[in-house]
Amino acid sequence: MAGGSPCASCKLLRRRCTKDCIFAPFFPADDPHKFAIVHKVFGASNVSKMLLELPVQQRGDAVSSLVYEANARVRDPVYGCVGAISFLQNQVSQLQMQLAVAQAEILCIQMQQRDGCQAQDDAGRSDGHSLAAMQQMVVDDTAAAEAFLMQNGGGGFPPQLMSSYGGAPASNVHHYGQQDHLKRESLWT
């Protein structure tokens, strides 16, 4: 109780705020909405019990977590903050896939440039070895590209992309793995 005014919790609950009020340090009178939302979701009695069970130095972090969870629960009554976390994890997965596709495209361009230079060097030869050498190089490059994709998160790529990474246009690859960003994951699967 600072300066004689009750804390936000005591004001909302219409009770006298004592100097040892458990809520006073965390729910000041100038921010009544903070306690109101926590009280609406968890109840004052439950919050009081939670705070009393914690060491004093951890109570501030607990109140911050309760306020965050209460706000998330009001916005999304079914999933709460788990919905936000799931949404962000899906975004990270999609961005990782897009990064792996971009890296694969860069590798393809580098291989095509190298193959073009090699073909120009071999164009002067007429001994027939250049075609066999180029075929072996394509096989080696395909294996190297597939290994690169597997190391960089390509394990979840569709088989079409893994087998024809060089021939797949970026626009087709980009749209294949897109998911509805509003879709929520189940908590129990």
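In this short talk I will go through the nonpolar core, the aromatic pairs and the salt bridge of this model.

Please keep in mind that the model is predicted, so that local features need pLDDT of at least 70 and side-chain atom pairs count only at pLDDT 80 or more, whereas totals for chains, interfaces and linings use all residues. Residues are numbered from 1 along each chain as its sequence is written, and side-chain values use heavy atoms, with hydrogens and water left out.

Let me begin with the core, meaning a set of buried Ala, Val, Leu, Ile, Met, Phe, Trp, Tyr and Cys residues joined through side-chain atoms within 4.5 Å, where buried is under 20% relative accessible area, exposed over 50% and partly exposed in between, for a 1.4 Å probe and protein chains only. The largest such core has 21 residues, and those with the most contacts inside it include Cys 7, Phe 23 and Leu 51. Helices H1 (8-13), H2 (32-42), H3 (44-53) and H4 (56-75) each supply at least two of its residues, with H4 giving the most, namely five; helices here are DSSP runs of H or I, at least four residues, numbered from the N terminus.

Turning to the aromatic residues, ring pairs, with centres within 6.5 Å, link Phe 23, Phe 27 and Phe 35 into a cluster, and the count comes to three pairs.

Finally, there is one salt bridge, a side-chain nitrogen of Lys or Arg within 4 Å of a carboxyl oxygen of Asp or Glu. Glu 69 and Arg 73 form this contact at 3.1 Å, N to O, and because they are four residues apart in helix H4, about one helical turn separates them. Glu 69 is buried at 18% relative accessible area, whereas Arg 73 is partly exposed at 28%.

Definitions and conventions
Rings of Phe, Tyr and Trp (its six-membered ring) pair if their centres lie within 6.5 Å; planes under 30 degrees apart count as stacked, over 60 as edge-to-face and the rest as tilted.
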